[in-house]
Amino acid sequence: MLSWLSRSSTAEKASEQEDAQAPEPVALNKASVAEPLLTVRGVERSFDVGSQKIRVLKGINLNLYPQQLVMLRGRSGSGKTTLMNLMGGLDTPTGGEIHFKGRPFHIWNDDKRTEVRRQDIGFIFQAYALMPLLSAYENVELSMRMAKIHRSEWKARVTSCLDLVGLSKRMHHRPFELSGGEQQRVAIAKAIAHRPSLLLADEPTAELDSQMAAQVMQVFKEIVASENVTICMTTHDPTIMEVADHVYEMVDGVFVGK
Ligand SMILES: Nc1ncnc2c1ncn2[C@@H]1O[C@H](COP(=O)(O)OP(=O)(O)OP(=O)(O)O)[C@@H](O)[C@H]1O
């Protein structure tokens, strides 16, 4: 168990009581009830390749609750990225339903999903997806511009996001002047700058050594609490999985285990 993290979010309690088949509200404690942020019901995704149909997702059920850190694990090719793309509205399922804050992503067109995505979802990838000629500050600022946030809010928010990821002293450095872990932390600042409710991270620590990966996970734990965000990430690293509120294991397009 990693001693630098403690598992204490309210969402953890939600996770313990979660019934993957039922999207109904889950009682956290006597005082509060959490609605799922995102529900995935019976989701399937197939691809036509030549004359063949490849069934990648074969009936996925999942709930994400506010302020949760959820992980997807599974062998290469099991369908994790395909599912993340669907949850983030980058793609639509061939069967089943996906609701993000009550919005039916599975039937909405690309324009409507893109609008929600820009406002309320952040993405982090294995390769940091930073603009190489822009400083850390300018990279984060760019995402606020994309989300159409008023210019008057940029400076304070960019500064506070870079502070949150521990990079206030490096904000004028360009990506090549930063370590891999620092670049990934800029990518996190960039992904949360527009205050999304959901952050989707595909193998965010895969390129990092264990110390840098630990720093990234520390930042994730902090922003789940302080930014009121839910993080869903994929990983192969069993050490990292120990800090998740919930781990879903995918085998060949279905979830197995508890
Ligand atoms: N657009 C596509 N057309 C055809 N097949 C696809 C497409 N996208 C994904 N696949 C197939 O779906 C399967 C699952 O891919 P996916 O990227 O979701 O797996 P993964 O679990 O994320 O793997 P990894 O851990 O290597 O990233 C793979 O066999 C892949 O080739």
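Biologist: What is the mean pLDDT of the protein?
Modeller: This is a predicted model, so each residue carries a confidence from 0 to 100. Of the residues, 86% reach 70 or more. The mean pLDDT is 86.

Biologist: How many residues of strand β9 are buried?
Modeller: Strand β9 spans residues 198–202. In a regular strand the side chains alternate between the two faces of the sheet. On one side, Leu198, Leu200 and Asp202 are buried. On the other, Leu199 and Ala201 are buried too, so the count is five of five.

Biologist: Which residue of β10 stands opposite leucine 199?
Modeller: β9 pairs with strand β8 (residues 121–124) through four parallel bridges. There, leucine 199 is the bridge partner of glycine 122. β9 also pairs with strand β10 (residues 230–234), again parallel, over five bridges. In β10, the residue opposite leucine 199 is isoleucine 231.

Biologist: Which helix makes a β-α-β unit with β9 and β10?
Modeller: The two strands run parallel. The unit they make with the helix is right-handed. The helix spans residues 210–226 and is α7.

How values were computed: Residues numbered from 1 in each chain as written. Predicted model: local features only at pLDDT ≥ 70, side-chain atom pairs only at ≥ 80, totals over all residues. Buried ≥ 20, exposed ≤ 12 C-beta atoms within 10 Å, placed from the backbone. Pairing = 2+ DSSP bridges. Right-handed = clockwise from strand over helix to strand, strands pointing away.
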